[in-house]
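Work through the two exercises below with the sequence and the model open.

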Amino acid sequence: MTVLENSPFVRACRRLEAPHTPVWFMRQAGRSLPEYRKIRAGIGMLESCRRPDLVTEITLQPVRRHGVDAAILFSDIVVPIAAAGIDLDIVAGTGPVVAEPVRAESDLARLRSITPADVDFVAESVKLLVAELGETPLIGFAGAPFTLASYLIEGGPSRTYLKTKAMMYGAPELWNALLSRLAEITLTFLRTQVDAGVSAVQLFDSWAGALSEADYREYVMPHSATVLRGLRDAGVPRIHFGVGTAVLLEAMGEAGADVVGVDWRTPLDVATKRIGPDRAVQGNLDPAILFAGWDVVEREARRVVEQGRAAPGHVFNLGHGVMPETDPDTLTRLVALVHEVSAR
């Protein structure tokens, strides 16, 4: 067993006993860190994601500062669809904005397949990071087909997903053609990261919680399964995460995950009963709790660790990403606390 395979993070993902509950945070590299804001000053998000030197430094920042058990590649879920020919920008304070949304069959031609060469900067970043990280695993990631489709169809972030659902229900052939193309792009993007050396991957279906279980299983799950099951032979754990997905947890596991990410709305012991004994769980402290004072943070973190003991493997995380206003020192203390109270 390699050093990385034997790391607490990978062991927990594989439902093996670990010396402590491993910790990492979604969006741990980012706006909560003053060193991140300094190095990103005046540089656009997409440009930052395409510069391996920047990606490497930004990815390493929270590992140095917080002592987390895994790094996650600094990137964005729209990087592969930009590489596939879509004209988009990541607008500060808004998110991804697509110049010409995809709403008709003729629009599909603008979304071509990608090859590893189209995202060679990602492979270079991963190789640089693996060399720097040593015994700390690196997580690669991508957006799931449904979440990517929502940005492409809506033209940007949405609260209602009206145009997305209208296509899903009203034009199922176009819908499936779009999601099939996105699944292919996503699988290539993740394969590129695996081949370059990441120790695990996370598929973010951030907005799948907008769907019923029946609709998820019919319209979305087959395309997520194309991605996750396409990585069965990759030899790395596959994490699947969404927000507001309490009713989808079982299905998201069935799509091909080794680890199911759980947001803060569902206790981990309850989630484990839904997901079953064949998958680990990840989560699930509410990011807002980090603003409530240390006594509250400690109490709630201990609760999450305790509820996580019901799972066959538990990776401690937040129930969504670190908020920009979070005090970095609170995250550092939280990592130490989880390590201490979960030590075996």
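A pocket is an open set of points on a 1 Å grid over the protein atoms alone, where a 1.4 Å probe fits and protein lies on both sides within 12 Å along at least five of seven lines; lining residues have an atom within 4 Å of a point. The model is predicted, with local features needing pLDDT of at least 70, side-chain atom pairs counting only at pLDDT 80 or more, and totals for linings using all residues. Residues are numbered from 1 along each chain as its sequence is written, and side-chain values use heavy atoms, without hydrogens and water.

**Exercise 1.** Describe the largest pocket and its lining.

Solution.
- Step 1: The volume of the largest pocket is about 1,200 Å³.
- Step 2: Its lining holds 40 residues, and nearest the centre lie Arg 27, Arg 31, Met 45, Asp 76 and Ile 90.
- Step 3: Two or more lining residues come from each of helix 2 (34-40), strand 2 (88-91), strand 3 (95-98) and helix 7 (145-154); helices (H or I, at least four residues) and strands (E, at least two) are DSSP runs numbered from the N terminus.

**Exercise 2.** Describe the two stretches that the UniProt domain annotation covers.

Solution.
- Step 1: The unreviewed UniProt entry places "domain: Uroporphyrinogen decarboxylase (URO-D)" on residues 22-31 and 139-155; such annotations may be inferred rather than shown by experiment.
- Step 2: Residues 22-31 are 0% helix and 0% strand, with end C-alpha atoms 23 Å apart.
- Step 3: Residues 139-155 are 59% helix and 29% strand, and their end C-alpha atoms lie 28 Å apart.

Terms used: Grid points are joined across faces, edges and corners, and a volume is the space filled by probe spheres set on the points.
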